[in-house]
Amino acid sequence: MSEQFTMLKTNDEIRRRIAELAAAVSADYADIATAEHPLLLLCTLRGAVFFSADLVRAVSIPIELDFLKVHSYINTESALEPVFDLGRDICVKDRHVLILEDIVDTGRTMAAVRKHFEDKGAASFRICTMLDKPGRRVPECADIVPDYIGFTIPDLFVVGWGLDYNEKFRLLPDIMVYHPEA
Ligand code: IMP
């Protein structure tokens, strides 16, 4: 029987890369984020919680952290439509928003989230994702190009560091490729 998991990114590699991303975000927003007008970091629940917790503790600019619950469902046309639940209204008018995402796959989730916040008058909207699978992007989301990317990966299903398979394996300390059939 072959292995169910294969290593993709080790704990050390992930930590080092998150530190680099935090430094890049801090440099890019240094002149924009102030104590009075902090950068609004929005973590998508639940997959991006681990990534966000590490990143926000490593940035050196004033930030405010909030959360956004996103999930996808199969609609009557059998297309995946992301729905998101803000729980309450997050006021983004004239604010600089940086979304923290675990993985960008088809791009539909980020396209819906971007549209929502741009419609609500955000001053700017950028995406910071731990992983990007550009090979999976659907044509209508071809313009979803994350501004900060931890790692670009091939079309593989991955778990660990917050990423799950049916709510399992989120706590794995590394990012592993999952082979359910193995
Ligand atoms: P998108 O809307 O297709 O870009 O999907 C994004 C969401 O799909 C992510 O936030 C994840 O929850 C989920 N997802 C996509 N690929 C993977 C994967 O390889 N492992 C775990 N979750 C994934």
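These legends go with a handful of close-ups of a predicted model. Local features need pLDDT of at least 70 and side-chain atom pairs count only at pLDDT 80 or more, while totals for chains, interfaces and linings use all residues. Residues are numbered from 1 along each chain as its sequence is written, and side-chain values use heavy atoms, with hydrogens and water left out.

View 1. H3 covers residues 108-119; helices here are DSSP runs of H or I with at least four residues, strands are runs of E with at least two, and both are numbered from the N terminus. Its 12 residues reach 16 Å from first C-alpha to last, close to the 16 Å expected at 1.5 Å a residue (the expected span being 1.5 Å times one less than the number of residues). Thr-109, Met-110, Val-113, His-116 and Phe-117 are its buried residues. They sit on the same side of H3, because they cover an arc of only 130° around the axis (taken from the directions from the helix axis to the C-beta atoms). Buried means under 20% relative accessible area, exposed over 50%, and partly exposed in between, with a 1.4 Å probe and protein chains only. Just after the helix, Gly-121 takes a positive phi of about 85°.

View 2. Turned away from the buried side are the exposed residues Lys-115 and Asp-119, at 52% and 58% relative accessibility. They are four residues apart in H3, about one turn of the helix.

**View 3. The loop between E4 and E5.** Asp-94 lies in the loop between strand E4 (80-85) and strand E5 (96-104). This residue has a positive phi of about 60° although it is not a glycine. Most residues other than glycine have a negative phi, and most peptide bonds are trans. Asp-94 is exposed at 55% and pairs with Lys-93 in a salt bridge, closest N and O atoms 3.6 Å apart. Next along, Arg-95 counts as buried at 19% and forms a salt bridge with Glu-64 at 3.1 Å between the closest N and O atoms. Glu-64 lies in strand E3 (residues 63-74) and Arg-95 in the E4-E5 loop, so the pair ties together parts that are 31 residues apart in sequence.

View 4. The Leu-45 to Arg-46 peptide bond is cis, with omega near 0°, and Arg-46 sits in the loop between strand E2 (39-45) and H2. In helix H2, Ser-52 is buried at 1%, and a polar atom of its side chain lies 2.7 Å from the backbone oxygen of Ala-48. Phe-50, also found in H2 (residues 49-58), is partly exposed at 31%. Together with Val-49 and Leu-171, Phe-50 forms a nonpolar surface patch with about 270 Å² of accessible area.

**View 5. Asn-166 in its loop.** Asn-166 lies between strand E8 (158-159) and strand E9 (175-178). Though not a glycine, Asn-166 has a positive phi of about 50°, and at 61% relative accessibility it counts as exposed.

Note on methods. Patches are made of residues with over 30% relative accessible area and no salt bridge: like charges are joined within 9 Å, nonpolar side chains (Val, Leu, Ile, Met, Phe, Trp, Tyr) within 5 Å. Accessible areas come from the Shrake-Rupley method with a 1.4 Å probe; for residues, only the protein chains shown count as cover. A salt bridge is a side-chain nitrogen of Lys or Arg within 4 Å of a carboxyl oxygen of Asp or Glu. A polar contact is a pair of N or O atoms within 3.5 Å; within protein, one must be able to donate a hydrogen and the other to accept it, and residues adjacent in sequence count only if both atoms are side-chain atoms.
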